[in-house]
Amino acid sequence: MLWARPRSDDALLELHAKLHRNLDPAICHEHYRVGRWVPHCSLATKVPSSEAKAAIEWAKQKQLEFSVEFDTADLVQFPPVAIDREYRLR
(Lines give C-alpha, C1' and ligand atoms only; values in the text may rest on other atoms or scores of the structure.)
Protein backbone atom coordinates (compact mmCIF):
# COMPACT_ATOMS: atom_id res chain seq x y z
CA MET A 1 0.00 0.00 0.00
CA LEU A 2 1.18 3.50 -0.77
CA TRP A 3 -0.22 6.36 1.31
CA ALA A 4 0.27 10.02 2.15
CA ARG A 5 0.49 11.11 5.79
CA PRO A 6 -0.30 14.60 7.08
CA ARG A 7 1.83 16.42 9.62
CA SER A 8 1.01 15.54 13.20
CA ASP A 9 -2.11 17.40 14.34
CA ASP A 10 -3.43 17.23 17.90
CA ALA A 11 -6.93 18.34 16.84
CA LEU A 12 -7.22 15.46 14.35
CA LEU A 13 -5.99 12.93 16.91
CA GLU A 14 -8.46 14.29 19.49
CA LEU A 15 -11.31 13.98 17.00
CA HIS A 16 -10.27 10.38 16.36
CA ALA A 17 -10.22 9.67 20.11
CA LYS A 18 -13.63 11.33 20.52
CA LEU A 19 -15.11 9.10 17.82
CA HIS A 20 -13.68 6.03 19.51
CA ARG A 21 -15.29 6.86 22.83
CA ASN A 22 -18.51 5.72 21.09
CA LEU A 23 -17.11 2.48 19.66
CA ASP A 24 -16.45 -0.92 21.16
CA PRO A 25 -12.70 -1.52 20.68
CA ALA A 26 -13.43 -5.21 20.08
CA ILE A 27 -15.05 -4.37 16.74
CA CYS A 28 -12.23 -2.07 15.62
CA HIS A 29 -9.21 -3.34 13.70
CA GLU A 30 -6.13 -2.88 15.89
CA HIS A 31 -4.45 -0.50 13.41
CA TYR A 32 -7.31 1.98 13.78
CA ARG A 33 -7.50 2.03 17.57
CA VAL A 34 -6.60 5.12 19.60
CA GLY A 35 -2.84 5.36 19.97
CA ARG A 36 -2.16 3.11 16.96
CA TRP A 37 -3.96 4.95 14.14
CA VAL A 38 -1.86 6.89 11.66
CA PRO A 39 -3.86 9.54 9.78
CA HIS A 40 -3.37 8.90 6.07
CA CYS A 41 -4.78 9.03 2.59
CA SER A 42 -4.42 5.83 0.58
CA LEU A 43 -2.86 6.49 -2.82
CA ALA A 44 -2.55 2.87 -3.99
CA THR A 45 -3.80 -0.23 -2.21
CA LYS A 46 -2.49 -3.02 -4.45
CA VAL A 47 1.17 -2.27 -5.09
CA PRO A 48 2.88 -5.60 -5.81
CA SER A 49 5.76 -6.26 -3.42
CA SER A 50 8.07 -6.42 -6.47
CA GLU A 51 7.13 -2.78 -7.21
CA ALA A 52 7.12 -1.43 -3.63
CA LYS A 53 10.61 0.09 -3.76
CA ALA A 54 9.88 1.85 -7.08
CA ALA A 55 6.55 3.16 -5.72
CA ILE A 56 8.24 4.61 -2.63
CA GLU A 57 10.95 6.25 -4.75
CA TRP A 58 8.27 7.72 -7.03
CA ALA A 59 6.39 9.11 -4.02
CA LYS A 60 9.55 10.65 -2.54
CA GLN A 61 10.03 12.62 -5.76
CA LYS A 62 6.42 13.87 -5.70
CA GLN A 63 6.31 15.38 -2.21
CA LEU A 64 4.03 18.41 -2.19
CA GLU A 65 2.72 20.67 0.54
CA PHE A 66 -0.97 21.45 0.46
CA SER A 67 -3.80 21.89 2.90
CA VAL A 68 -7.13 20.12 3.07
CA GLU A 69 -10.30 20.64 5.06
CA PHE A 70 -12.09 17.58 6.37
CA ASP A 71 -15.87 17.90 6.27
CA THR A 72 -16.89 14.27 6.80
CA ALA A 73 -15.77 11.29 8.87
CA ASP A 74 -16.88 7.82 7.83
CA LEU A 75 -17.19 4.70 9.95
CA VAL A 76 -16.27 1.87 7.62
CA GLN A 77 -15.84 -1.86 7.72
CA PHE A 78 -13.56 -3.93 5.50
CA PRO A 79 -12.93 -5.99 3.47
CA PRO A 80 -14.61 -5.05 1.28
CA VAL A 81 -14.83 -1.38 2.28
CA ALA A 82 -18.39 -0.43 3.19
CA ILE A 83 -19.51 2.81 4.88
CA ASP A 84 -21.62 2.06 7.97
CA ARG A 85 -22.11 5.66 9.12
CA GLU A 86 -21.13 9.08 7.92
CA TYR A 87 -20.59 12.05 10.24
CA ARG A 88 -20.56 15.65 9.07
CA LEU A 89 -17.79 17.66 10.74
CA ARG A 90 -18.21 21.26 11.72
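How far is the sulfur of C41 from the closest cysteine sulfur, and in which residue does that sulfur lie? The closest cysteine sulfur to that of C41 belongs to C28 and is 19 Å away, which is too far for a bond. In keeping with this separation, a search of the whole structure finds zero disulfides, a disulfide being a pair of cysteine sulfur atoms within 2.5 Å. C28 counts as buried at 13% relative accessibility, whereas C41, at 45%, counts as partly exposed; buried denotes under 20% relative accessible area, exposed over 50%, and partly exposed the range in between, with a 1.4 Å probe and protein chains only.

The structure is a predicted model, in which local features need pLDDT of at least 70 and side-chain atom pairs count only at pLDDT 80 or more, while totals for chains, interfaces and linings use all residues. Residues are numbered from 1 along each chain as its sequence is written, and side-chain values use heavy atoms, with hydrogens and water left out.

The protein has two helices and four strands, arranged from the N terminus on in the order β-α-β-α-β-β; these elements are DSSP runs numbered from the N terminus, helices being H or I of at least four residues and strands E of at least two. The C-alpha trace spans about 40 × 30 × 20 Å along its principal axes, and of the 90 residues 11% count as buried. The accessible surface comes to about 8,200 Å², of which 53% belongs to carbon and sulfur atoms, as computed by the Shrake-Rupley method with a 1.4 Å probe. Among contacts (heavy atoms within 4.5 Å) between residues at least 6 apart in sequence, 47% join residues at least 24 apart.

Y32 is placed in the loop between α1 (10-20) and β2 (41-44) and, with 32% relative accessibility, counts as partly exposed. Not counting residues up to four places away in sequence, Y32 touches H16, H20, W37, H40 and F78. The C-alpha atoms of Y32 and R85, which are 53 residues apart along the chain, are separated by 16 Å.

H16, one of the residues touched by Y32, is found in helix α1 and is buried, with a relative accessible area of 11%. A polar atom of the H16 side chain lies 3.0 Å from the backbone oxygen of Y32. Leaving aside neighbours within four places in sequence, H16 is in contact with Y32, R33, V34 and W37.

Conventions. A polar contact is a pair of N or O atoms within 3.5 Å; within protein, one must be able to donate a hydrogen and the other to accept it, and residues adjacent in sequence count only if both atoms are side-chain atoms.
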